Amino acid sequence: MTTTTLAVLVPLLPFLGAAAGLLLGRTAPGFIRPLAVLPTLASLVLAAIVAVRQGGDEAVNAATELTPTGSIPIELALHIDGFAALVAVLVGLVASCVQIYSTGYLRDDPRYPSYAALVSLFTSAMLLVVYSGDLMVLLVGWEVMGICSYFLVGHYWETPEARAASIKAFLVTKLGDVPFLIGLFALATDAGSFRITKVLDAVAGGGLDHPTLIALLLLAGVAGKSAQFPLHTWLPDAMAGPTPVSALIHAATMVAAGVYFVARLLPVFEASQAAMVVLAVMAAVTMTGSALAALAQDDIKRVLAYSTIGQLGYMTGALAVGDRGAAVFHLLSHGAFKALLFLAAGVIIHAAGTNSLAAMSRMGHLRDRVPDAYWTMTVALLALAAIPPFSGFFSKESVLGAAEHVATGHTEHAPGAAGWLVLVAGLLTALLTAAYATRLWLLAFYGQGAEAPDHGRQPLTMNVVLWVLAVPSLAVGGLAYRVLPDWFDGRDLTPTLTTSVVGTGVALVGGIVTYAAWRHTTALAARVPLGAVAAHPEGDAALVEAEAIASHEPAYGDIAYAPDPADPGRLLLGPLHRHAAVGFHLDAVYSALFVRPVQAAATLVRFLDREVVETYVRGAGATPRALGWAVRRAQTGNVQTYVSALLAGTVVLVVAAVLVATGA
Amino acid sequence: MHLAYPAVLSALLFCTGLYGVLARRNAILVLMSVELMLNAVNLNLVAFDVWLSRTAEETLHSGQALTLFTIAIAAAEIGIGLAIVLAVYRNRGTSDIDKLRDTAEGHEPEGADSDGDATAAEKAEATA
């Protein structure tokens, strides 16, 4: 088969799997698991073959026009360069791992068929985004991911948190998608085509009339999808979904779509210096703010969610300094280790029966209950904290190296200010990242107190997947930085000495300071008992997690926060802790700026509808009724009365006619 | 004969008929009064036809022809009318127009009339 055929099959197979899963969900439950896992695995294999065949050479381009549109044509087009080929492999790998993991995680879940089908559909949409060579087709995948995210975040729709989170995720990303759509139209109008290759040609030829406007409109959509400030607030709340969904959608793939989109169209953004500076500011605010917030979260998955936002900030930072190779490198390594972190967190939540770090820090020997999760999560956290030789180190250093490169004025791609901004914020975030990674590790695994409950070993499918993902987190970074430039733009991704030393140094400082703070505070833990565990610890992992999410707010007073004096984050952040725990009050600001005005407007509309419009409607009904009632009073039933009235009328008419005729 | 005599006579007949229609309570008498009114009209038609044909060059005597129609229709009408009255009487035990008020607003279908038992008895008798 040709590379093009294989590439078409890659998104198609999970789509067919999803369709079959939705159709057969009730009638043939035995086929659901194979239908969920096998197409995804097959598309992983095909994506790997496509990647090998493409091999970082000339991009594979294929297009077919379905029907003439009358203006700018929309084509089913493929554009597979090194970025697309490798990102597709990552998507296939993470999606396969998540599907396998889900068979264990949602073992007894009654809604597993629709869940698995939606995950497949989501995978298909992401692969479509990755491979698409036409911006409109890309948008289709983009929006399908949005709706799948909505359904999957709301999987535990019995809990109010999940319902609110799914609506919030949908609305906030849509808030970005509307400008994104307008930006795509503007871009296509200026470039004369929706094809990525033609758009890039037009940009290279200076054919864009409004580069800044287009870039900023597109950035709004990217900020929504990739959870960048100020549209990131949906991502922490989206943790109300099942853990595999968080791993797939909210760590490894969908949120990476925005970064990937910018990487594909980087020349469009580079055409506008203003857009690059906006991107840099966005990245800097996102990564430092989210790292501070991550240090204060109590829910283990919310820590990881804020960490995802921060790592996405690194990627946008790399894009802001014009190095898409570094951005996609970090996307790949982050996709692997963050999926691992989430899946391991799912195992921990199942074993501990709670998602609260405060409660876990009061359980002894939790690490002995879940040894696989303990070791793999250690690897992934080291990768997250960018400790050599784990993969996160190399990708993060390539980002910092690119920023330093720009800051010292070696390139014309990007403004030097952007370079400094990304570099300083990146180093600060490296410190904070190491701090919250250490805090997570210590609180989750080195708790002291009563023995952690023993529910037996975790399902094999869940543990195997962790080790599969641990391999790229552990090893790929060191191997990849030499190979990847051939696949990408050819720019060197080797860590530079200065940033490596400084970056690793601040990471070590962050880790050691957190350890010291933990030693200081951990004595308090015994004095303040805390904790609530799931009511059905022997149920499957999904049930335990749903109960943990639902019980967090009643048990601790807030979904993100626990009043735990033994938390080292509280000591490190000091007075900032209260604000960081609630995400720096951004939700409150949005609530004041958008939610309350909309609700007030809704109240007004309801008043106008109920009191004004409906009064007219009721009047239209009531007036004829009243008139009819008056007329009906004349109906006595006596025929002679009617005839008398007829006579009287006739007489009146005759008199009138006579008067008119005689002219009186 | 002067036109005034038949015209006044027909006016008297018509007024008598009108009074009967409006004032009599028995349905048969009301029908008879309707006949009086119709015949007043017939008299008018004939009288005016004669009056007009005196001056006309040639005439079709359409007034007299129309009278024949009216008589025929009146015969049919009284036949149907009497049949209805008979049916009503058999059904209700009365042909009193004041009591046939089923089309009144707020009318109760059965049993709400003043003389329920009497009506039922008469009805049973009439149908027997």
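Me: Which residues of H18(A) are buried?

Reply: Count neighbours: a residue is buried if 20 or more other C-beta atoms lie within 10 Å of its own. This is a predicted model, and the count is made on its atoms. In H18(A), the buried residues are A:Ala373, A:Thr376, A:Met377, A:Val379, A:Ala380, A:Leu381, A:Leu382, A:Ala383 and A:Leu384.

Me: What covers the buried residues of H18(A)?

Reply: Look for the elements in contact with them. The cover includes five helices of chain A: H14 (300–320), H15 (324–352), H19 (391–407), H20 (416–445) and H21 (460–487).

Me: How many residues has helix H18 of chain A, and what span does it reach?

Reply: Compare the span with what is expected at 1.5 Å a residue. Helix H18 of chain A runs over residues 371–384 and has 14 residues. From first C-alpha to last it reaches 20 Å, close to the expected 20 Å.

Me: What comes just after H18(A)?

Reply: Check the backbone angles there. A:Ala386 takes a positive phi, about 60°.

Me: Which elements of chain A have the lowest and highest mean pLDDT?

Reply: pLDDT is the predictor's confidence in each residue. Helix H23 (residues 541–556) of chain A has the lowest mean, 73. Helix H27 (residues 639–662) of chain A has the highest, 92. Over chain A as a whole the mean is 84, with 95% of residues at 70 or more.

Me: Where does pLDDT stay under 50 in chain B?

Reply: Look along residues 111–116 of chain B. For that stretch the model has two contacts beyond four places in sequence. Chain B averages a pLDDT of 83, and 83% of its residues score at least 70.

Me: How many helices and strands has chain B?

Reply: Read the elements in order along the sequence. Chain B has four helices and zero strands, giving the pattern α-α-α-α. Then turn to burial and contacts. Of the 128 residues in chain B, 11% are buried. Take the contacts in chain B with a separation of 6 or more: 55% of them join residues 24 or more positions apart.

Me: How many residues of chain B are in contact with chain A?

Reply: Count on both sides. 10 residues of chain B are in contact with 10 residues of chain A. The chain B side has four nonpolar, two polar and four charged residues. The scores for the model are ipTM 0.75 and pTM 0.77.

Me: Into which domains is chain A divided?

Reply: Read the bounds. They are domain 1 (328–574), domain 2 (585–633) and domain 3 (637–664). The C-alpha centres of domains 2 and 3 of chain A lie 49 Å apart.

Key:
Residues numbered from 1 in each chain as written. Chains lettered and ligands numbered in written order. Predicted model: local features only at pLDDT ≥ 70, side-chain atom pairs only at ≥ 80, totals over all residues. Contact = placed C-beta atoms within 7 Å. Nonpolar A, V, L, I, M, F, W, Y, C, P; charged D, E, K, R; others polar. pLDDT = per-residue confidence, 0-100. Domains from an automatic or database assignment. Helix = DSSP H or I, 4+ residues; strand = E, 2+ residues; numbered from the N terminus. Buried ≥ 20, exposed ≤ 12 C-beta atoms within 10 Å, placed from the backbone. Expected span 1.5 Å × (residues − 1).
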